[in-house]
Amino acid sequence: MSSETVIGIDVSRDWLDGFCLPEKQRFRFQNSPDGHARLLETLQSMPDGLTVGFEATGGQEWALWRVLISMGLNAVQLLPAQIKAFALSMGKRAKTDQIDAELIARFMVVRPEGGRALPDEKLQFLRALTVRRAQMVEARKRLSAQISARRKQGMSAELEDMDSSLKAFLESQISELEQRIESVIGEAEELSATCCSRQDWQLPAIIQF
């Protein structure tokens, strides 16, 4: 095992659970600005050259990620599938925040190249747009199902007008987001070359954080 200091952090909505190798030190802080500051104090007391890693958690790790990078720390994001496969290879089936933090740290010791660096601001903005579009599409899908159910129940014309207005609003929002996504992709030659089609709103792996 490498003697380099490696920190695995399990990020949840409210908490940051950490595990440090080789010291095997554990810590827990709130996932908040105050918790981030306390975490930085802990990390700054450790040897230089440490690496911090955490799983992609639907964006809950992004604020922490930016803070760590702004302080000059090497912080990387790991795919949940990687950690899950690593856990299975070690025979770990139990799942708690502390266990996950330790698994992340041990994975980084074995696979130090396995993490992703923080993307530039354009990619971050593109990800935010695609997430927002997915939310709008899901809302439109739910509304369409509700409209269908209400029509079977013989809803009033007034309710149908309200539903139609809401659906039109969602569609306009989706259209606007798609135009902005196209614009951002068009401004980045790397993204334009990576995307197979401008209508592929799932987008390539390069921005699936």
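This passage describes the fold of a predicted protein model, from its overall layout to individual residues. Residues are numbered from 1 along each chain as its sequence is written, and side-chain values use heavy atoms, with hydrogens and water left out. Because the model is predicted, local features need a pLDDT of at least 70 and side-chain atom pairs count only at pLDDT 80 or more, whereas totals for chains, interfaces and linings use all residues.

The protein has seven helices and five strands, where helices (H or I, at least four residues) and strands (E, at least two) are DSSP runs numbered from the N terminus. Along the sequence these elements follow the pattern β-β-β-α-β-α-β-α-α-α-α-α. Of the 209 residues, 40% count as buried, a term that means under 20% relative accessible area, while exposed means over 50% and partly exposed lies in between (1.4 Å probe, protein chains only). The accessible surface comes to about 12,000 Å², of which 50% belongs to carbon and sulfur atoms; such areas come from the Shrake-Rupley method with a 1.4 Å probe, and for residues only the protein chains shown count as cover. Among the contacts with a separation of 6 or more, 57% are made by residues 24 or more positions apart, contact being defined as heavy atoms within 4.5 Å.

The five strands form an open sheet with the order 3-2-1-4-5 and mixed pairing, two strands being paired if DSSP finds at least two bridges between them. Strand 3 (25–30) and strand 5 (74–78) are the edge strands, each of which pairs on one side only. On average, neighbouring strands of this sheet are turned by 20° against each other, direction ignored. In general, strands of a sheet pair through backbone hydrogen bonds, either parallel or antiparallel. Strand 1 (residues 6–11) and strand 4 (residues 51–55) run parallel and are joined by four bridges, with Gly 8 standing opposite Gly 53 in strand 4. Strand 4 is also joined to strand 5 by five bridges, again in parallel, and here Glu 55 stands opposite Leu 78 in strand 5. Although strand 5 is an edge strand, four of its five residues are buried, so it is largely enclosed by the rest of the structure. Helix 2 (residues 62–70) lies across strand 1, strand 2 (15–21), strand 4 and strand 5, and runs at about 155° to strand 5, where axes are lines fitted to C-alpha atoms, for helices over the stretch in contact, and angles run from 0 to 180 degrees between N-to-C directions.

Strand 2 and strand 3 run antiparallel and are joined by six bridges, with Gly 18 opposite Phe 27 in strand 3. Most residues other than glycine have a negative phi, and most peptide bonds are trans. The peptide bond from Leu 21 to Pro 22, however, is cis, with omega near 10°, and Pro 22 is placed in the loop between strand 2 and strand 3. Lys 24, in the loop between the two strands as well, has a positive phi near 60° and is exposed, with a relative accessible area of 56%.

Helix 3 (residues 80–89) has as its buried residues Gln 82, Ile 83, Phe 86 and Ala 87. Seen down the helix axis, these residues fall within an arc of 130°, so they line one face of the helix, the arc being that of the directions from the axis to the C-beta atoms. An α-helix has 3.6 residues a turn, so residues three or four places apart point the same way. The face turned away from the buried side carries the exposed residues Ala 81, Lys 84 and Ser 89. Pro 80, also found in helix 3, counts as partly exposed at 36% relative accessibility and, leaving aside its neighbours within four places in sequence, is in contact with Glu 55 and Ala 56. Just after the helix, Gly 91 takes a positive phi of about 75°.

Four aromatic pairs are counted, given that rings of Phe, Tyr and Trp (its six-membered ring) pair if their centres lie within 6.5 Å, with planes under 30 degrees apart counted as stacked, over 60 as edge-to-face and the rest as tilted. Phe 86 and Phe 107 form an edge-to-face pair, at 5.6 Å centre to centre and with 75° between the planes. Phe 86 lies in helix 3 and Phe 107 in helix 4 (residues 97–110), so the pair ties together parts that are 21 residues apart in sequence. Both Phe 86 and Phe 107 are buried. Phe 54, Trp 62 and Trp 65 form one aromatic cluster.
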